[in-house]
Amino acid sequence: MDEYVERTARVLDQPYELSPIPATDPLPRRRDRVLDMPEVELGMLDFLSLFGCELQVVAGERASVLGRVMQPANRLRYEVRFIETAGDCLPEIDDDTLRDEVVQAVKSKRESLPIAVWNATWGVQEVEGLFTRTEGPYPLAPETGISNLATDLDALNAMLMPLLQGHTNVDLEPLGPIHQQWQAHQAAGQLILSARLLITRLDDASDIIESRLQGRPLCLDGKPNNQSDIVQGMFFSVFIERVQPYLAQVRRGRDDIIRPLARLAERQQPVMPDSFRPWYERYLRLEGDSLWAELDASQQRHINLWQRQLEQCGLRPGV
């Protein structure tokens with residue numbers, strides 16, 4: 001992209017300057033992403049009164065030493081199991097007071113289920129690897145397994161939608177392997193870095209073309225000349241053959257990786273922490289003041305300027 005800016009300036013006989021590439025913001029810290037889960041547990045006497053009911057086993061796991069330090073994915077599984085087993089146990093509970101307490105516990109856990117879902121997605125440590133900014137821009141050839149990551153993100157959205165709608169009959173076993181995929185790939189962070197790079201360099205090149213358009217025409221009377229032939233050759237050999245394929249690659253990555261991540265966050269907006277929202281709107285959303293809308297605008301401006309420049313010589317391209 002640096003070379004592209006330099007060559008654009010050279011063939012159009014314009015001065016140029018490579019702008020500093022602005023830094024991108026990191027994913028908010030985990031302590032700012034994790035939401036507090038309400039603790040709704042049964043008392044010891046009520047726990048003992050459930051002898052013979054599967055709910056006693058589930059509640060016992062939570063009361064254990066390991067149960068009190070559950071990771072977010074296991075906590076989500078626990079909340080779902082509690083709701084499911086409590087529903088199965090209710091017909092077996094003869095004591096009205098205990099039954100009412102279990103009903104209230106189930107109601108509270110259903111209400112807090114979106115918090116458990118949030119913590120098991122955006123609150124996990126594994127998501128930080130997916131958005132790391134230490135691995136550089138998105139590669140020209142995506143790494144092996146990137147299609148699996150895209151498939152898993154779509155599967156995750158499909159898995160969690162019923163939960164967010166209040167349905168608990170969901171298999172959450174794939175959640176662990178999906179988190180492992182997040183640790184193994186850095187595609188989201190790479191795509192964000194590439195978008196920032198492309199915006200900066202496309203704008204640099206666009207400013208060069210715009211400066212030339214405001215000055216001496218490249219061609220007189222719309223007739224090509226030697227310089228316009230050189231400009232057109234650079235346009236095809238560098239922009240069309242090298243820059244545009246990478247732009248298309250980044251856009252595919254955006255559609256395959258960023259879009260499902262945006263959907264994952266968007267569907268959880270009712271519980272999204274305020275500290276997370278500006279980052280979501282900037283780096284995940286595809287519209288508004290997002291990085292991705294900015295990239296679309298920079299690319300469109302750049303193409304329009306090239307069309308105007310080459311049109312001066314009767315060489316308007318259809319890009």
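## The loop between helix 10 and helix 11

Let's start with Asp 221, which sits in the loop between helix 10 and helix 11. In this predicted model, the phi angle of Asp 221 is near 60 degrees, a positive value even though the residue isn't glycine. Most residues other than glycine have a negative phi. Asp 221 has a relative accessibility of 75%, so it counts as exposed.

## A disulfide from that loop

Search the whole structure and you'll find one disulfide. Its partners are Cys 219 and Cys 313, with a sulfur-to-sulfur distance of 1.9 Å. The torsion about their S-S bond is about 95 degrees, so this disulfide is right-handed.

The pair ties together distant parts of the chain, 94 residues apart: Cys 219 is in the loop between helix 10 (187-214) and helix 11 (226-266), while Cys 313 is in the segment after helix 13 (291-311). Both cysteines are buried, whereas Asp 221 is exposed.

## Another positive phi

Asp 13 also has a positive phi, near 55 degrees, and isn't a glycine either. You'll find Asp 13 in the loop between helix 1 (2-11) and helix 2 (30-33). With 52% relative accessibility, Asp 13 counts as exposed because the cut-off is over 50%.

At 33% relative accessibility, Glu 84 counts as partly exposed.

Technical notes: Residues numbered from 1 in each chain as written. Predicted model: local features only at pLDDT ≥ 70, side-chain atom pairs only at ≥ 80, totals over all residues. Heavy atoms only, no water. Buried < 20%, exposed > 50% of the residue type's maximum accessible area, 1.4 Å probe, protein only. Disulfide = S-S within 2.5 Å. Helix = DSSP H or I, 4+ residues; strand = E, 2+ residues; numbered from the N terminus.
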